[in-house]
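Hi,

Here is the structure I promised to hand over. Have a look at it first, then read on.

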Amino acid sequence: MIISIEDNVILSGTLAKDAEAKSFNKNDRTFTIYNFSVAVDKIRQDNGEFKTIWANCYSWNPVVAKLKKGEKVFAVGKHEVQTYVNREGVESSTEKVNVDFVLSQGKSSYTGGNQQTQLPVQSFEEVQTEDLPF
């Protein structure tokens, strides 16, 4: 499920793989950004086939590193379009969600029905925004 209100996005789906941490230095400080993708529920196309929607996300919060592949997540953030120049010198763009808040709903466990086992919810630690490099 994806709900979009202006630049705000609410999405619910399954984590495609463990969050990937990337660190960099700026002004003698080290910052880490966490990238992850969420497979949102499949939608039926005009031809009757189902298609998965992939939401590329990132967050500055280290709690995201605890999220694991296969977890059901509920995330809230801002929709962004980022432009860049690719290796061929052509300007391209990509869409991402800058996640402010995420809840883990645990991993699905199917035992002959549509039952789900719920794991404890992971909460965010507060991040001081004045320390971020943007």
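Predicted model: local features only at pLDDT ≥ 70, side-chain atom pairs only at ≥ 80, totals over all residues.

Residues are numbered from 1 along each chain as its sequence is written, and side-chain values use heavy atoms, with hydrogens and water left out.

Let's start with S37. You'll find S37 in strand β4, residues 29-44 (strands are DSSP runs of E, at least two residues, numbered from the N terminus). S37 counts as buried because its relative accessibility is 17% (buried means under 20% relative accessible area, with a 1.4 Å probe and protein chains only). Its side chain makes a polar contact with the side chain of N56, at 3.0 Å (that is a pair of N or O atoms within 3.5 Å; within protein, one must be able to donate a hydrogen and the other to accept it, and residues adjacent in sequence count only if both atoms are side-chain atoms).

Next, the largest nonpolar core: it has 17 residues, and F36 and V38 are among those with the most contacts inside it (such a core is a set of buried Ala, Val, Leu, Ile, Met, Phe, Trp, Tyr and Cys residues joined through side-chain atoms within 4.5 Å). Strand β4 gives the largest share, 4 residues.

Finally, G77 sits in strand β6 and counts as buried because its relative accessibility is 2%. G77 and V99 are 22 residues apart in sequence, yet 4.1 Å apart in space, C-alpha to C-alpha.

Cheers

Methods:
Buried < 20%, exposed > 50% of the residue type's maximum accessible area, 1.4 Å probe, protein only.
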